[in-house]
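Biologist: I am new to this structure. Please take me through a single part of it closely, and then show me how that part sits in the rest.

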Amino acid sequence: MVRIAIVNMKGGVGKTTTSVNLAIGMANEGLRVLLVDMDPQGNVAHSLKIRAHQNTIYDLLADDMVVDQVIRTGVRENLDVIPSSNVAFGLENRLAGETLREKIFSRRMKAVTAYDFVVVDTSPAMSLLTVNTLLYVDVVVLVVSMDQMAIIGAVQSLAGLKRILSAFESPTKEIMVLPTLFNASTNGSKETMTALQEDPDLAPYLVPLVIRQDVKLSYAAASKRSIWEYDPRTRAAEDYSKLVDYLLKRLGHEENEKTDVVETEAKAEFFG
Ligand SMILES: Nc1ncnc2c1ncn2[C@@H]1O[C@H](COP(=O)(O)OP(=O)(O)OP(=O)(O)O)[C@@H](O)[C@H]1O
Ligand SMILES: [Mg+2]
C-alpha cells in the first residue's frame with residue numbers, strides 16, 4: 001500500500017482537483033484506492049457528491065469512531081472515501097492537548113491495509129491536520145500552479161514540509177513537484193516553468209509532465225464528477241491519465257511485476 005499526500009500551503013492551486021482525479025484515475029486502472037479528505041473545507045465530498053454530515057474525518061481523529069465507521073465504500077468502482085466537513089475546523093482545538101497529537105492520524109489509520117493506494121487531500125495551511133498527513137504518507141506531491149507567485153509559495157511549502165519531517169525524524173519521503181494550471185499560450189506560465197526548472201530547491205523534485213489549464217476540470221467538479229466521467233476526450237483527462245501512468249510506474253506498481261520476473265529468472269539461473 002502506497003500513501004500519497006497532495007499538498008501546497010497556497011490555496012486554489014489544484015490540490016483537490018488532483019486528489020480526486022488521481023484517485024479515480026488509479027481506481028479506473030483496477031487498483032483499490034482510498035481517498036481521504038484532511039481539509040475542513042470538505043471539497044472532496046462536494047466534488048464527488050458525498051453526504052458528509054456525519055461519520056467524517058472529525059470522528060476518526062477525535063477518537064469517537066473507528067476507521068471502518070467513517071469510510072464510505074463504493075463511491076466509485078474500486079474507490080472508497082473518508083470525507084471531511086467544516087466540523088473538522090474544530091479539530092485543531094480539540095486535539096491541542098493530546099499527547100503525540102501529530103501522529104493521531106497515523107495511529108487511527110493503522111487498521112487500513114486493504115488498499116493499493118491511499119490519496120490524502122490537504123488544506124492550504126501547515127495545520128495540525130497537514131502535519132498529521134505528512135507523518136502518515138510515503139509520498140508527498142507538491143502541486144504548483146503556474147502563476148506569478150507560485151515559485152515563492154512552493155519554496156515555502158517545500159521548506160515547511162522538510163522542517164516538519166526532520167523535526168519528527170520521519171523516514172525519508174519521496175517528494176514530487178507537479179506543475180498545474182499550465183497554459184502554454186501565456187508568457188506567465190512559460191516564465192514560471194523556466195523558473196521552476198532552474199530553481200535549485202524545487203527542480204530536483206520536478207516530475208516530467210504538467211497538468212494544463214482546462215476549464216473542463218471546473219465543470220467536472222461542479223457536476224460532481226471526475227474528468228473521465230465528465231468528458232474523457234478533454235486535455236485534462238489526457239494529462240491526468242499521464243500522471244496516473246507515471247506514478248504507477250514510478251511507485252512500483254509495474255516495477256514490482258518486473259522485479260518478480262527478474263527474481264524468478266535469477267532463481268532459475270541459480271538453481272540451474
Ligand atoms: N488544471 C486546471 N485547469 C483549470 N482549472 C483548474 C485546474 N485545476 C484546478 N482548477 C480549478 O481551480 C479551482 C481551484 O482548484 P482546487 O479546488 O483543486 O484547488 P485547491 O488547491 O484544492 O484549493 P484549496 O487550497 O482551497 O483547497 C477550482 O475551481 C478548480 O476547478
Ligand atoms: Mg482543496
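Biologist: Which residues of strand β4 (residues 79-82) point one way, which point the other way, and are they buried or exposed?

Modeller: A word first: this is a predicted model. Now to strand β4. Leu79 and Val81 point one way. Asp80 and Ile82 point the other way. All of them are buried.

Next, the partners of the strand. Strand β2 (residues 33-37) runs parallel to β4, and 4 bridges join them. One pairing to look for is Val36 with its bridge partner Ile82 in β4. Strand β3 (residues 72-76) runs antiparallel to β4, with 2 bridges between them. Here Arg76 has Leu79 of β4 as its bridge partner. β3 and β4 form a hairpin, and 2 residues lie between them. Asn78 sits in that turn and has a positive phi of about 70°.

Leu79 and Val81 are both in contact with Leu35. Leaving aside neighbours within four places in sequence, Leu35 also contacts Ser19, Val20, Ala23, Val44 and Val119. Two of these names return in the largest nonpolar core, which has 71 residues. Within that core, Ala23, Leu35 and Val119 touch the most other members.

From there, turn to helix α1 (15-28). Lys15 has its place in this helix. Lys15 counts as buried because 25 C-beta neighbours lie inside 10 Å, and the cut-off is 20 or more. Its contacts, apart from neighbours within four places in sequence, are Ile6, Val7, Asn8, Asp121, Thr122 and Val143. How far is Lys15 from Glu77? Their C-alpha atoms are separated by 22 Å, and the two are 62 residues apart along the chain.

Of the 20 residues around ligand 1, the nearest are Gly11, Lys15, Thr16, Thr17 and Pro124. The elements that give two or more residues to this shell are α1 and α10 (216-222). By type, the shell divides into 7 nonpolar, 10 polar and 3 charged residues.

Past α10 comes a backbone detail. Lys224 lies in the loop between α10 and α11 (227-230). Lys224 is not a glycine, yet its phi is positive, at about 60°. Lys224 counts as partly exposed because it has 14 C-beta neighbours inside 10 Å. Asp63 is in the loop between α3 (57-61) and α4 (67-70). Phi of Asp63 is near 70°, again positive in a residue other than glycine. With 13 C-beta neighbours inside 10 Å, Asp63 too counts as partly exposed.

Finally, step back to the whole chain. Its secondary structure comes to 13 helices and 7 strands. The radius of gyration is 19 Å, close to the 19 Å that the globule rule gives for 272 residues, so the chain is as compact as a globular protein of that length. The C-alpha atoms fill a box of roughly 60 × 50 × 40 Å along the principal axes. Of the 272 residues, 41% count as buried. Among contacts with a separation of 6 or more, 76% join residues 24 or more positions apart.

How values were computed
Residues are numbered from 1 along each chain as its sequence is written. Chains are lettered from A and ligands numbered from 1 in the order in which they are written. This is a predicted model: local features need pLDDT of at least 70, side-chain atom pairs count only at pLDDT 80 or more; totals for chains, interfaces and linings use all residues. A residue is near a molecule or strand if its C-beta atom, placed from the backbone, lies within 6 Å of it. Ala, Val, Leu, Ile, Met, Phe, Trp, Tyr, Cys and Pro count as nonpolar, Asp, Glu, Lys and Arg as charged, and the others, Gly among them, as polar. A nonpolar core is a set of buried Ala, Val, Leu, Ile, Met, Phe, Trp, Tyr and Cys residues joined through C-beta atoms within 7 Å. A residue is buried if 20 or more other C-beta atoms lie within 10 Å of its own, exposed if 12 or fewer, and partly exposed in between; C-beta atoms are placed from the backbone. Two residues are in contact if their C-beta atoms, placed from the backbone, lie within 7 Å. Two strands pair if DSSP finds at least two bridges between them. The radius of gyration is taken over C-alpha atoms; the globule rule is 2.2 Å times the number of residues to the power 0.38.
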